[in-house]
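Please open the model in a viewer and keep the selection panel at hand. The stops below follow one another as selections.

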Amino acid sequence: MSTSAEDNDYKQLYESAINKVEQLQHELNQLKKMIFGVRQERFIPADKNQLALDIPTEQSAAVCNVLDAKKVTYVKVVKQDATQARDSRHTIPSHLRREDVIIDPDHIPAGSKHIGTTETEVLEYKPAEIYVVRYIRNKYLLPSADETSSKIIVGPLPTLPVAKSMMGPGLLAQLVVEKICDHLPVHRQQQRLERDGIKLPYSTLSDGFAKTAALITPIYRALVTEVLNADYLQADETVCLEVT
C-alpha cells in the first residue's frame, strides 16, 4: 500500500510540474511579444510557424525590465479659431446677399423697451432665372437734300459668341459648366429647360456646346504648350474603346 501511495504522489507531482511548465511557457511567449513584437503583432495567439528570433530570455530580461516600464501618454492640443469657438457650424460666406426678415414678439406690453436683436442666418436657394435680353436698335434717317441719296443708320448689334444663335453667352457658359464640371448630359439639360417652359431642340444645344468649345481653342493650345514645356508629366492611362 505504501508503494501505491508513493506512485500517486509522484504522478501528482509530475502533472503539477507539467502544468507549471505550460503556464510559464505561455507567460514567456506573451512577454516576448510585449518586448519584441510590433504593435500589430502583440497579443496574437502563438504561431509555431513564426521564428522566435532565438534570443535568450536571460539577455532580454537584462536589457529590458517590463516591471520598470512606464506608460507614456500624449496630449494633442488643437488651436481653435475664435469664430469656430463662437459657432461650431460652418460659417456662411460674407459675400452672399442678405435678406432681412424682421420678426417681433406676438404681444409687446405697453412701455416695453427695445434692447437689441438676436440674429439667425439660414442658407436659402432661388432657382436660376432664364430671361430674354432684347436688343432694341434705333434707326435714323440722315437728312439729305436729294431723297435718292438718303441713308439710314442703325445701332450696331453686340458680338455674340455663336452667330445667329438664340442662346446668349450666359446660357452657353452654363451649358458647358453643367456638362464638363457637373457631368450633366445634354439631354438632361434639355429636360431641365423644358421644366421652365423652354423647348430647345437637342441639336441646337449640342451645336451651341460644340461651337462654344471651339471658341476656347486658343486657351487649349496655350495649355498644351505649357504642359509640354514641363520637366515632369503625368497621364491617365485608362483604356478607352473606340466606337466605330
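Which residues of α4 are buried? Before selecting them, note that this is a predicted model, in which local features need pLDDT of at least 70, side-chain atom pairs count only at pLDDT 80 or more, and totals for chains, interfaces and linings use all residues. Residues are numbered from 1 along each chain as its sequence is written, and side-chain values use heavy atoms, with hydrogens and water left out.

**Stop 1: helix α4**

Select residues 169-180, the twelve residues of helix α4; helices (H or I, at least four residues) and strands (E, at least two) are DSSP runs, numbered from the N terminus. From first C-alpha to last, α4 reaches 16 Å, close to the 16 Å expected at 1.5 Å a residue, the expected span being 1.5 Å times one less than the number of residues.

Now highlight Leu172, Leu175 and Glu178, the buried residues of α4. Buried means under 20% relative accessible area, exposed over 50%, and partly exposed in between (1.4 Å probe, protein chains only). Viewed down the axis of α4, the buried residues fall within an arc of 130°, so they line one face of the helix; the arc is taken from the directions from the helix axis to the C-beta atoms.

Ala173 also lies in helix α4. With 39% relative accessibility, Ala173 counts as partly exposed. Its C-alpha atom is separated by 7.9 Å from that of Thr212, 39 residues apart along the chain.

**Stop 2: α4 against α6**

α4 and α6 pack at an angle of about 90°, with their axes 9 Å apart; axes are lines fitted to C-alpha atoms, for helices over the stretch in contact, and angles run from 0 to 180 degrees between N-to-C directions. That makes α4 roughly perpendicular to α6, a term covering angles of 65 to 115 degrees.

To see the contact (heavy atoms within 4.5 Å), select Leu172, Leu175, Val176, Lys179 and Ile180 of α4 with Leu205, Gly208, Phe209 and Thr212 of α6. These residues divide into six nonpolar, two polar and one charged.

**Stop 3: helix α7**

Move to residues 217-228, helix α7. The number of buried residues among its twelve is zero, so α7 lies largely in the open.

**Stop 4: Leu123**

Finally, select Leu123, in the loop between α3 (82-86) and β1 (139-141). At 62% relative accessibility, Leu123 counts as exposed. Not counting residues up to four places away in sequence, Leu123 touches Ile92 and Leu96. The C-alpha atoms of Leu123 and Leu96 are separated by 9.5 Å.

Methods
Angles under 35 degrees count as roughly parallel, over 145 as roughly antiparallel, 65 to 115 as roughly perpendicular and the rest as oblique. Ala, Val, Leu, Ile, Met, Phe, Trp, Tyr, Cys and Pro count as nonpolar, Asp, Glu, Lys and Arg as charged, and the others, Gly among them, as polar.
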